[in-house]
Amino acid sequence: MNQLDVRLPMGLLFLILGLILVGYGLTADPAIYASHSLGQNVNVTWGAIFVLFGAAMLTLAAKAKKTTPRD
Amino acid sequence: MFTHLCPPLLGVVLELASVDYLILGLYFAFVLGIGWVLRKHQKTSTDFFESGRSLPAWICALGFIGANLGAQEVMGMAASGAKYGIATSHFYWVGAIPAMVFVGIFMMPFYYGSKARSVPEYLKLRFDEKTRTFNALSFAFMTVFSSGISMFALAKLLNAILGWNFDGCIFISGLVVLIYIYSGGLTSAIYNEVLQFFLIVLGFLPLVLLGLKDIGGWDGLMQNLNSYSEAKGMPGAWSHSWAYMGDAKANPIGIEWFGLVAGLGFVLSFGYWCTDFLVIQRAMAAKNMNSARRTPLIAAIPKMMFPALVILPGMLAIALYHKGGSANIALPVGADGTPDYNMVVPALLSKYFPHGMLGIGLTALMASFMSGMAGNVTAFNTVWTYDLYQRWFKPDASDAHLIKVGRATTVVGLLISAVCAYAAAKFNNIMDMLQLVFGFVNAPLFAIFLLGMFWRRATGHGAFFGLLIGTLTAVAFQGCTLPLGETVSLLKGGWLSVQHTFVSSMAQNFWMAIFAFTGCFLGTLIISLATAPNRTDAELRGLVYSLTEKVKDHHETPWFARPATLGIIVLVLTLGLNVIFW
């Protein structure tokens, strides 16, 4: 059974979520961080981590596709 | 596991922005998309119900813990972290890891090697049809009921914190889960459990880090917890896992070490992790025996770290609540003046997450709720189709027919879940009563698996009647005991005659499990010796330890990834954690 590699949708989802967080973090009113996350722009920080995680998953999925022979 | 969430109607209120809705919408789109892509791979019943037995160990492992990591677990453990402190980690380091190692090393060879398609089917092969049907029926009821409870908890929580319509939440969550299981079967459920696992880890980690920073780091947390413990009359009890377990009255859980280790660490934990088809099904989806055995062992590694993600938030919340001042947290307080611990996670989300991350936190919570539902529904449709429908209604069913039945069962299972969710909303006591009944049936279960797998003389009659004796022992035990401060009732116990009073209801529960297990074990032993064996040695090959060729670890697998090595590493690490947080 030739399944979908779960790293592909997972990588894509986290990559897009990360980009949304970074984009929102850079454009939103900085006052929201003072009232919530101890003054830290968590959207940019964790958005970047989401992007890195998503990219790592996509890279692993691409590598696995290269090494797996086609049916 | 072992925790039940009852979110209140009033409490923390969250307001979402467009970016949070965008994040939620994106998640739903991916979940449905995964089901859509996987639908074309569901060609046989093995594909639909068992993921074609084709998944790698790491995916099965994340599904294995993901299926158990429902939002009730996440929110319930955070609530327990606030109520009991570090001692809540016993539910992981005592009440999960040893059993996960045991099932991977010793039991998986029988489940996977026997080619049984479900845990009840293993019971049929090992014992007889009546034992299988008894287990299949009780399990099927329990799974749809649990799915309904998840649905109810999700709808009630979203209604309370976001003001969303209760009926709408039931309908949407049920429909999404239905679509992705109907299309992609077990694989779809497992893939979504993997997604949910990473969402929980990456979504909750910043919550913990921010909370720790706010309270003044680990030292600040311990200082505040110690002050809180003193105020509660149990100095030090919130910041140690074992130091105060010598006496049930010296720790907030209200249990002494023996009851904890024997009741939770052995009977309940092994009964759940080693026999519950909901989790075993994930390991049985693995591509080979080596992967199936490694599934619970790999899962044990993140599982032992989970207290940092799910218990620590509760400890932080109660420490912040106690500290007050600028670090204060808005925990709703009940009529008796105690904080509502079930609202710990929403309160922390509200305090620390701005829009954007708030969407991620809520998505992770919703993913957990839906994973909890999906896990139960996939286990239900498999047990119903293989162990009840095919056995009792259509033994000659074709493979295509079984897939159709599996899909129809998914629809029916979710409809029953919705009925349970509404019943839970209307009659909370009925739900508590059902949970109690399931507790009676489950507590003795591990005894027949233990005897069945490791004692060839155990018979079908022995297992079936042993199970009944164990269940009756649990009922009688509950009827003769009562937790401190409770009045006699069917739900709380003591309705036969109060012979003993426990410090807490948890202690009553753990000791009930010990008695039920012992009753079942002795009953199975005696009845087996008194009845003729109903299986020949040839029939028991592959099902019983002494008659099965020992599984040799793959030489292609590096030494550190082999099941035996992994098991030792996991146990040593767990022991280390117990010592560090003693």
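What percentage of the contacts in chain B with a separation of 6 or more is accounted for by residues 24 or more positions apart? The share is 80%. The structure is a predicted model, with an ipTM of 0.92 and a pTM of 0.89.

**Fold of chain B**
- The secondary structure of chain B consists of 23 helices and two strands.
- Chain B is as compact as a globular protein of its length, because its radius of gyration of 23 Å is close to the 25 Å that the globule rule gives for 582 residues.
- Along the principal axes, a box of roughly 70 × 55 × 50 Å holds the C-alpha atoms of chain B.
- Of the 582 residues in chain B, 59% are buried.

**Confidence**
- The average pLDDT of chain B is 88, and 96% of the residues score at least 70.
- In residues 1-10 of chain B, the pLDDT is below 50.

**Contact between chain A and chain B**
- The contact involves 26 residues of chain A and 31 residues of chain B.
- On the side of chain A that touches chain B, the elements giving two or more residues are helix H1 (7-27), helix H2 (31-35) and helix H3 (42-67) of chain A.
- H1(A) supplies the largest share of that side, with nine residues.
- By class, the side of chain A that touches chain B comprises 20 nonpolar and six polar residues, with no charged residues.

**Domains of chain B**
- Chain B is assigned two ranges, domain 1 (18-426) and domain 2 (429-551).
- The centres of domain 1 of chain B and domain 2 of chain B, taken over C-alpha atoms, are separated by 24 Å.
- Domain 1 of chain B contributes 35 residues to the contact, and domain 2 of chain B contributes 30 residues.
- On the side of domain 1 of chain B that touches domain 2 of chain B, two or more residues come from each of helix H6 (97-113), helix H7 (119-126), helix H8 (129-162), helix H11 (257-273) and helix H17 (399-426) of chain B.
- The largest share of this side of domain 1 of chain B, nine residues, belongs to H11(B).
- The side of domain 1 of chain B that touches domain 2 of chain B has, by class, 22 nonpolar, nine polar and four charged residues.

Terms used: Residues numbered from 1 in each chain as written. Chains lettered and ligands numbered in written order. Predicted model: local features only at pLDDT ≥ 70, side-chain atom pairs only at ≥ 80, totals over all residues. Helix = DSSP H or I, 4+ residues; strand = E, 2+ residues; numbered from the N terminus. Rg over C-alpha atoms; globule rule 2.2 N^0.38 Å. Buried ≥ 20, exposed ≤ 12 C-beta atoms within 10 Å, placed from the backbone. Contact = placed C-beta atoms within 7 Å. pLDDT = per-residue confidence, 0-100. Nonpolar A, V, L, I, M, F, W, Y, C, P; charged D, E, K, R; others polar. Domains from an automatic or database assignment.
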